[in-house]
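Reader: Pick one part of this model and walk me through it up close, please. I'd rather have one connected story than a tour of everything.

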Amino acid sequence: MCGNNMSLPLLKEAATVSGSEKETAAVIFLHGLGDTGQGWADTMTEFQLPHVKYIFPHAPRIPVTLNLKSVMPAWFDLMGLTPDCPEDESGIKKAADNIKAIIEHEAKNGIPPNRIMLGGFSQGGALSLYTALTCQHQLGGVVALSCWLPLHKSFPSASSGNRNLPILQCHGEMDAMIPVQFGAMTAEMLKSLVDPKMITYKTYPGLSHSSSHQEMEAVKEFIEKHLPRI
């Protein structure tokens, strides 16, 4: 992987929030279906840490089966939002490879993988979980908001075996799109893939399929704990 952004369209076009001092860590945060990285970049500005570089890639525009083949930003195709729905295996794996390429790029430019954290909301959170669990590197952690683990039937064999991966999983208790029960099922499955002590699962009463100030404060604390200033 060369050190030039031009070879990585996702990185070249991504929204970024730079640290106010020497950047010794990075967070790659993936937006949800139909969104872009810019909204999350604006949100995270309020919760940023001075030594952390934040990268918010934009998903490519593709037809989405769930939405009557409408073309919209999506990390991979979605056929449905229940645990037993068919899944876009090749699309998920390709998307994960694209995120892993950003990790490699950042590593070659001086931020080691254990100082790089993945995160995301909804479909982006799902992709961040899958990417981190299948990544050959031990990453700094994962922030998984209102999401699920894609291709869950491929685990544990698909897992890279990094059992010390810190995971913060958050879910709104009033989420009608990805019900909180799916979040709880995901949390239970994750306990079989990583050390259960590394998993923090938080639910938020009254919160729908969105984020909240309280949740984002928890995200900031998690990043600060696992990517401390050095």
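Author: Let's start with Lys 191, which is partly exposed at a relative accessible area of 36% (buried means under 20%, exposed over 50%, and partly exposed in between, using a 1.4 Å probe and protein chains only). Bear in mind that this is a predicted model, where local features need pLDDT of at least 70, side-chain atom pairs count only at pLDDT 80 or more, and totals for chains, interfaces and linings use all residues. Residues are numbered from 1 along each chain as its sequence is written, and side-chain values use heavy atoms, with hydrogens and water left out.

Lys 191 has a salt-bridge partner in Glu 188, and their closest N and O atoms sit 3.0 Å apart (the cut-off is a side-chain nitrogen of Lys or Arg within 4 Å of a carboxyl oxygen of Asp or Glu). Glu 188 is partly exposed too, at 49% relative accessibility. The structure holds 5 salt bridges, and another of them links Asp 195 to Lys 197, with 3.3 Å between the closest N and O atoms. Lys 197 is out in the open: its relative accessible area is 71%, which makes it exposed.

Now hop over to helix H3 (89–108), where Lys 93 and Glu 89 form a salt bridge with a closest N–O distance of 2.8 Å. The two are 4 residues apart in H3, so about one helical turn separates them (helices are DSSP runs of H or I with at least four residues, strands are E runs of at least two, and both are numbered from the N terminus). Lys 93 is partly exposed at 37%, and Glu 89 is partly exposed at 43%.

Asp 88 tells another story. This residue lies in the loop between strand S5 (70–73) and helix H3. Asp 88 is buried yet has no salt bridge, and the nearest side chain of opposite charge, Lys 69, is 8.9 Å away (Lys and Arg count as positive, Asp and Glu as negative, while His and the chain ends are not counted). What does the side chain of Asp 88 reach? That would be the backbone nitrogen of Asp 77, at 2.9 Å. Leaving aside residues up to four places away in sequence, Asp 88 touches Phe 76, Asp 77 and Met 79 (contact means heavy atoms within 4.5 Å).

On to the sheet. It is open, with 7 strands in the order S1-S3-S2-S6-S7-S8-S9 and mixed pairing (two strands pair if DSSP finds at least two bridges between them). Strands S1 (15–17) and S9 (199–204) stand at the edges with a single partner strand each, so one side of each has no neighbour in the sheet.

S6 (residues 116–121) is the strand to zoom in on. It pairs with S2 (residues 25–30) in the parallel sense over 5 bridges. Ala 26 stands opposite Ile 116, and Ile 28 has Leu 118 as its bridge partner. S6 and S7 also run parallel, joined by 5 bridges, and here Gly 120 stands opposite Ala 144.

How many residues of S6 are buried? It's 6 of 6. In a regular strand the side chains alternate between the two faces of the sheet. In S6, Ile 116, Leu 118 and Gly 120 are on one side, Met 117, Gly 119 and Phe 121 are on the other, and all are buried, leaving both faces covered.

Technical notes: Polar contact = N/O pair within 3.5 Å; in protein donor to acceptor, adjacent residues only side chain to side chain.
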